[in-house]
Amino acid sequence: MSNTSNKNTSAAEDARTFLIGTRRSALATTQTSHVRAGMLTAGFEAELHIVQTPGDASQAAQTPVAQIGVGVFTETLRKALESGECDVAVHSFKDLPTAPDPRFCTVVPRRVDPREVLVSRNSETLLELPQGAKVGTSAPRRVSQIRAVRPDLELLPLRGNIDTRMGRTEKDLDAVVLARAGLERVGQLDRAAESIDPSTIMPAPAQGALSVEVRADDEAAWRAVRHLDHLPSHMAAVAERAVLSTLEAGCTAPVAAYSLWVEPEGSLGATDSAEASVSTGAPQATQHVLRVFGGVFAMDGSRKLVQVSEATFGISDPTSDEGFPAAEEPQWREYIDAARALGAGIGRALLADGAAELVAEAD
């Protein structure tokens with residue numbers, strides 16, 4: 001095929017309207033709409049495509065996640081993507097399996113605040129809630145950490161969309177714990193009584209980050225989304241998920257992780273994961289440190305294991321939207337792999353401390 005033909009084929013593929021698979025919920029369609037807006041801005045036509053998942057019905061019935069299985073939302077979207085029903089799929093990155101899936105390529109747009117929030121009936125914070133207050137949350141990670149700081153609280157199962165969960169505070173609950181990212185994306189952050197410090201409740205690995213997936217063999221779809229990748233967000237999310245992967249724990253295990261980008265002078269010193277360090281030879285002013293925390297918690301709140309490590313990268317401003325290696329460039333891949341190694345090192349340190357025992361106790 002001639003070069004002219006190749007260019008014409010590429011142009012025709014890029015001109016197609018890409019279907020972005022999403023669940024029907026307000027949160028899912030809102031975050032998918034942000035992805036669509038980014039594609040439109042770059043000159044690619046895109047429309048939302050609603051995919052019905054088994055998890056939608058289970059939420060309405062308040063069926064516990066343990067009964068319906070982990071990944072009911074994400075796997076249905078992935079099947080729709082693989083079959084060609086849609087061209088792009090948007091997930092909450094924390095909900096995806098940690099094992100790499102060669103069927104897909106992914107980018108991670110700019111991450112929003114990963115912290116947890118408390119929505120309470122009378123706007124009390126977690127520490128201000130009355131003795132014996134009823135708090136809704138189903139995540140073992142949250143349950144274990146809340147019990148450590150407020151063992152007097154009555155913790156009750158919670159499912160449903162954001163409005164359903166927050167609505168419980170007007171009925172049978174005094175408060176609910178939610179991901180801040182969800183409230184921020186649907187414009188209801190004002191409902192939160194507090195954003196909880198990660199030293200009190202450490203969030204889920206990759207919380208606040210989206211994963212935008214396309215089929216590995218769909219070059220046109222990849223061209224349409226690769227500019228959405230925000231390398232510092234991608235690195236942080238990958239490092240946190242590597243903690244979970246190394247522990248061989250699922251997303252319902254009492255495992256948490258979060259990360260910070262800090263100036264080199266604010267670093268801990270020598271990194272604990274030497275293989276995660278990337279030497280760029282760049283002046284210190286153009287570098288930042290990725291500091292990652294990982295934790296495993298006893299379900300009764302009696303014990304916690306926390307590890308922290310960091311590595312320095314040639315990134316001048318992690319808050320910027322540009323100036324990073326483009327997705328799939330060699331240095332981009334090098335940075336992603338180094339971040340994953342950093343998180344894996346934390347996971348190994350937690351295992352050495354006895355994390356496997358705490359994870360097993362929660363099963």
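## Aromatic cluster and ring pairs

Trp261, Phe313 and Tyr335 form a single aromatic cluster in this predicted model. The structure contains 4 aromatic pairs.

The Phe18–Phe44 pair joins distant parts of the chain, its members being 26 residues apart. Phe18 belongs to strand β1 (residues 18-22), while Phe44 sits in the loop between α2 (26-41) and β2 (46-50). Phe18 is buried, its relative accessible area being 0%. Phe44 is also buried, at 12% relative accessibility, because buried residues are those under 20%.

## A charge over a ring

Arg23 is placed over the face of Phe73, 3.8 Å from the ring centre.

## Packing of α10 and α11

Helix α10 (residues 231-246) packs against helix α11 (residues 330-352) at an angle of about 30°, and their axes are 7 Å apart. The crossing of α10 and α11 is right-handed.

On the α10 side, the contact is made by Leu231, His234, Met235, Val238, Ala239, Ala242, Val243 and Thr246. By class, the contact of α10 with α11 has 14 nonpolar, 4 polar and 2 charged residues.

Pro325 lies in the loop between β13 (304-313) and α11. With a relative accessibility of 15%, Pro325 counts as buried, because the cut-off is under 20%.

Apart from neighbours within four places in sequence, Pro325 is in contact with Leu231, Gln331 and Trp332. The C-alpha atom of Pro325 is 9.8 Å from that of Ile315, and the two residues are 10 apart along the chain.

## The chain as a whole

The protein chain has 12 helices and 13 strands. It comprises 363 residues, of which 52% count as buried. Among contacts between residues at least 6 apart in sequence, 76% join residues at least 24 apart. The Phe18–Phe44 pair, at 26 residues apart, spans such a separation.

Technical notes
Residues numbered from 1 in each chain as written. Predicted model: local features only at pLDDT ≥ 70, side-chain atom pairs only at ≥ 80, totals over all residues. Heavy atoms only, no water. Phe/Tyr/Trp six-rings, centres within 6.5 Å; stacked < 30°, edge-to-face > 60°. Helix = DSSP H or I, 4+ residues; strand = E, 2+ residues; numbered from the N terminus. Buried < 20%, exposed > 50% of the residue type's maximum accessible area, 1.4 Å probe, protein only. Lys NZ or Arg CZ within 6 Å of the ring centre and 35° of its normal. Axes fitted to C-alpha atoms, helices over the stretch in contact; angles between N-to-C directions. Left-handed = near helix turned anticlockwise from the far one by under 90°. Contact = heavy atoms within 4.5 Å. Nonpolar A, V, L, I, M, F, W, Y, C, P; charged D, E, K, R; others polar.
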